[in-house]
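Please keep the sequence and the model open while reading.

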Amino acid sequence: MRFGITMAPPGVYMRNRTCHFRDVVNINGSLSPALRLCNSFWKRQRPNMKTSQDVDDLLMGMASQIAEREDNVVVEDLRDYMYGPLRFTRSDLVAMTIQRGRDFGLQSYTVVRKALDLPPVRTFEEINSELNQTNPQLLHDIAEQYGRDISKLELFPGGLLESLDGPGPVFSAIILDQFERIRNGDRFWFENRQNGLFTDEEIQAIRNVTFHDVLVAVTSAEEADIQDNVFFWMDGDPCPQPAQLSESMLHPCTNATKLDYFDGSEAGFGITIAVLFLFPVVSLLVACMVAYLRKYRYRKFQRRRQAGAKAEEQPSGITAYEWHGHKKPLNPVSVEFNEGGRLQVFDGCGSSLRHLTLGNQEYLDVHLSNDRHSKALLLKVAKEYDLVLFFDDEIKRAAFIKHLHEVVTDIRQDFKVKEMREKELLKMALTKEQRAQIVETFIRHAFSKVLEIEKCDAGDMSGISREKAREVLQCELTASEFADALGLKPGSLFVDSMFALADEDRNGYLSFQEFLDVMVTFMKGTPEEKSRLMFSMHDIGGNGFLSKEDFAKMLRSLIEISNGTLSKTQVEDGIKAMMEETGVKNKEKISWEDFHYLLRDHETELQFAQLNVKGMEKQGKKRLNRDQRVSFISSANRRENRNVKTEGQELRRRQKSSANTPNVYVKPKRERYIRNPVQQKIQHFKRFIENYRRHIVCFIVVFGITAGVAIERCYYYGLQAQSTGVPETSMVGVIVSRGSAAAISFLFPYMLLTVCRNLITLCRETFLNRYIPFDAAIDFHRWMAMTALILSVVHTLGHVVNVYIFSISDLSILSCLFPKVFSNNGSELPLKWWWWFFLTVPGTTGVLLLLAFSFMYVFASHYFRRISFRGFWITHYLYVVVYILTVVHGSFALLQEPRFHIYLIPPALLFLLDKLISLSRKKLEIPVVRAELLPSGVTHLEFKRPQGFAYRSGQWVRIACLMLGTDEYHPFTLTSAPHEENLSLHIRAVGPWTSQLRELYSEESLLETGAYPKLYLDGPFGEGHQEWIDFEVSVLVGGGIGVTPFTSILKDLVFKSSMKSKIQCKKVYFIWVTRTQRQFEWVSDIIRELEEIDTQELVSVHTYITQVAEKFDLRTTMLYVCERHFQKVWNRSLFTGLRSVTHFGRPPFVSFFSSLQEVHPEVGKIGVFSCGPPGLTKNVEKACQQMNKRDQAHFMHHYENF
């Protein structure tokens, strides 16, 4: 009971034995009559208390000093200036006492009176009637504080109010009861005779000892220096006090001061947080270094492969450096002078860059620099860009000028030399880039007169000076510039013939009007005018006839403008087919009518045929949409109505015989529903849900559980964990860290299930495949990983807040929150922030986890994974460290008992089982039976099929080569069919590992090793392409090396059909997209074999060659004409040698899928499977989405990118 605080004075006197009350020194050096209580707490080193005599003086002064009255008044030294904790040095003892009573649950004042059998009080005035008379305002104010409800009055203030010159009845009863209980409960009390500790004489001696005797014994005071009853001072006692102390007589109390526990830690704490967030930057720098080393080694490997190639001999001539612009480096060149005044420029490897005919100019204008060591030379070239050369020194430049002067003298041409500063010389020069810009603008202005192009789209010459613009616009196009503008080879027959026809003045250049005349014919002429112009290009004599050789030359020039799409043999075969099919094979002279008859079936193509000029692809308002230009499938009645066109054959393979071939071209049996935009959106949404219903359900389940466990922890620590005291200390930090930790504890373990390849492959064959999208396992892995990463960052930020809060909390609070870690030793000071980060198990493991995450996620990005797959694989093995550290991270149990292992055990067991399955296969060496290096960098490997190795078409395996390291596995799709004895792969060399693999199986390496290097095999593993068999109609789209899974599917389909196996799939459309037909010739070989076996025409193959212009470009039109004539004669494609149709340009999938809906109106679902670059699969996905807006067949897309 703290009733005694009412007796404490504001200060204490100090006196000596002679009753001299001395002055005390204050904190500011001034003097006071007594030692101030509020300024003396916890200050041992003081000027007033240096010796033991000072303590004696303090005790004697206290003996003489009269205490305050036992009433309800407490001095300010114990109210507003009571000592407090280090971080806030002042407190209020009365307020602390009241709060302590609340904390311990003491009953109210009225309840305690009733418990002590004291008469009840009903109003505040009844508490102390005498006080109510002397100070009624005090009782009135207190009553207002408690809402005049006396039942709410607490014990301590109620007991103080009833005290007057001594404790009131409540405090008196409590004090008496406490003393009696202490005495009666203490078995060592000296008056307790039952314990046998003291005799009667000893008890009486103890009773006779007074506190006066104790003070005299322990101090320097004598008997007469202190009164006998030291607790009371009576008249006549020695050394009376000078006066009763009051606050006004003493030095004022010092104000409260604060101690910031975090003071001085701001910089270190901030730097540490910044370093943690720089972990990804550090890992990014490491990844960039690894990528650079990989690229360097790959380039070194490529250079070593090319080391045996003989370099071309360096041409002789004058060496110099050609200048192309201020921001471009100088290129080393050599210059030679030939007969006839020709100047030729070669690059460092000896390849010809350009040649100049010096005799075509009226005079030769040469400018020389006269500063900066006189190294620069400018040769002005009419009708072309200028030649600017830098020489090593002035001597070499003088030698060049000497040779140039000799050549000019031989051709009798004027020669002018002018000197100027180098800066002015370079400013005067017309660079190749400037010339190209002006020529492009020149061509745009020409086309603006032919096509409907706005003036603003034709370009301007604002960046060129008027002098240069006038000079160049007055000049004419060279043959090379004309060919470059059309995107053709400068030396092709077509360019030479067309240039000769357009160059009416025969000066070797095309003027604006000459260029315009020929463009008008090709852009806006009729089919007859276009074909007559092409014929006239080779009718040099103008007699209207061509010889058979000239006619073949004309056809060859028209075919060759396709930029080398056909080989020479194919060109000759195509010419023979066209001449044979049109009946001109036996004619000696061929007229224009014969040539136009050759194009009779292709007037539509010729009508829209143009010459595409660079920069004009998107100009003009009469360009046709790709989907509108190209037709694929025509219904039967439409095909019958066409007289000579056979477009209906573009979807099916050419018939090998006319016997019993089913007509797949039927009329649509269902009507098309024309919907408004809202209905289309609804239909699109319905199809989206139908397509991705499994994905959506799994997404909701996984992330619903994630959100559920996170919300449960947030709710617990926000509303149910009040008793722990943690939320009151760091509410936001604890909720954020614990909620994110719960979500991470679920995501990280169950992420393992998405990479259990063997279990996923096994589950594909079960009923689970109808409910779980196993195709999206890796996508789910990425989503879960990115979510876990974001939550890890959030978790870290939550703990950053927690560390800050704990670093500024008193030790007493921390010992209450973490009793297993801290003990309250009274020091009050908490541990610094760095202790939490680096000296605790959670802190250290958390920092290491962030570092591991940084490397794993950076190396797992698409860019670095492609450059350094080995780096990705090695860093991803850190998952073992991650799971170990995560288990240890939570084992410290600072806030709650560890839970991570509960989530980890089930998926970890399944993952371990999957790993054991893979390990049981990995160490089996597989001998390679056959290896073949195919064009386009493709390596064909055929190896023995392990015993018990069962797989489905479209599945993939992982292989490692023993000579390239047994721990680096790479995934590849099987190109063999399940019925074949051996397994086969087609691997394209696009990176270091695949290039080294190709090198190992080259003839040179085989001569050194003597045998094929063996492989390690892991698999097979399933993917979405194997579900082609579940659809009645399937569309396979392969781009580039992405055709590999489909070769296995096609062979499997044909084999099952030949064996009359019951399969659901009745028709497969295979779309092969390739840059050139020679890029993957091995695919043509496989398709050719399928065409021979496929007697029931189950497979329809379409080849798209993209390295040509669009369909209605002139060059593509001639390829189209040549292809169709060749098919009529030989019943196969000129390009691929297959019976399948060859198309030019990119496939318009919307038109193709639309035709499928007409051909197969009874089919409700069509499976679309694509594999290739992301651009291809995205286009297929967009086409499927557009088709699914209609109320017809549902296109379900499965794709794989490489």
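**Sheet and strand pairing**

Strand E20 (residues 956-961) pairs with E21 in the antiparallel sense over 4 bridges. The model is predicted: local features need pLDDT of at least 70, side-chain atom pairs count only at pLDDT 80 or more, and totals for chains, interfaces and linings use all residues. Residues are numbered from 1 along each chain as its sequence is written, and side-chain values use heavy atoms, with hydrogens and water left out.

- Strands are DSSP runs of E with at least two residues, helices are runs of H or I with at least four, and both are numbered from the N terminus; two strands pair if DSSP finds at least two bridges between them.
- Ile959 has His970 of E21 opposite it.
- An open sheet of 4 strands runs in the order E17-E23-E20-E21, with antiparallel pairing.
- Strands E17 (925-926) and E21 (970-973) are at the edges with a single partner strand each, so one side of each has no neighbour in the sheet.

**Whole chain**

- The chain contains 45 helices and 29 strands.
- Of its 1202 residues, 48% are buried (buried means under 20% relative accessible area, exposed over 50%, partly exposed in between; 1.4 Å probe, protein chains only).
- Among contacts (heavy atoms within 4.5 Å) between residues at least 6 apart in sequence, 71% join residues at least 24 apart.

- 5 of the 5 residues of strand E12 (residues 376-380) are buried, so E12 is largely enclosed by the rest of the structure.
- Ala376, Leu378 and Lys380 are buried on one side of E12, and Leu377 and Leu379 are buried on the other.
- In a regular strand the side chains alternate between the two faces of the sheet.
- Strand E11 (residues 363-369) pairs with E12 in the antiparallel sense over 4 bridges, and Asp365 has Lys380 as its bridge partner.
- The hairpin of E11 and E12 has 6 residues between the strands, and Arg372 takes a positive phi near 55 degrees there.
- E12 is also joined to strand E13 (residues 387-390) by 4 bridges, running antiparallel, with Val388 as the bridge partner of Leu378.
- In the hairpin of E12 and E13, which also has 6 residues between the strands, Lys383 in the turn has a positive phi of about 65 degrees.

**Nonpolar cores**

- A nonpolar core is a set of buried Ala, Val, Leu, Ile, Met, Phe, Trp, Tyr and Cys residues joined through side-chain atoms within 4.5 Å.
- The largest such core has 31 residues, and the members touching the most others include Ile5, Phe124 and Phe156.
- Helix H7 (155-161) is among the helices that each supply at least two residues of this core, and H7 gives the most, with 4 residues.
- A second, separate core of 29 residues includes Leu747, Ala785, Ala852 and Val882.

**Disulfides**

- The whole structure has 2 disulfides (pairs of cysteine sulfur atoms within 2.5 Å).
- Cys19 is joined to Cys239 with an S to S distance of 1.5 Å, and the S-S torsion is about -70 degrees, so this disulfide is left-handed.
- Cys19 is partly exposed at 33% relative accessibility, whereas Cys239 is buried at 4%.
- Cys38 is joined to Cys253 at 1.9 Å S to S; this link is left-handed with -105 degrees about the S-S bond, and both cysteines are buried.
- With the bonded cysteines numbered in sequence order, the pairing is 1-3, 2-4.
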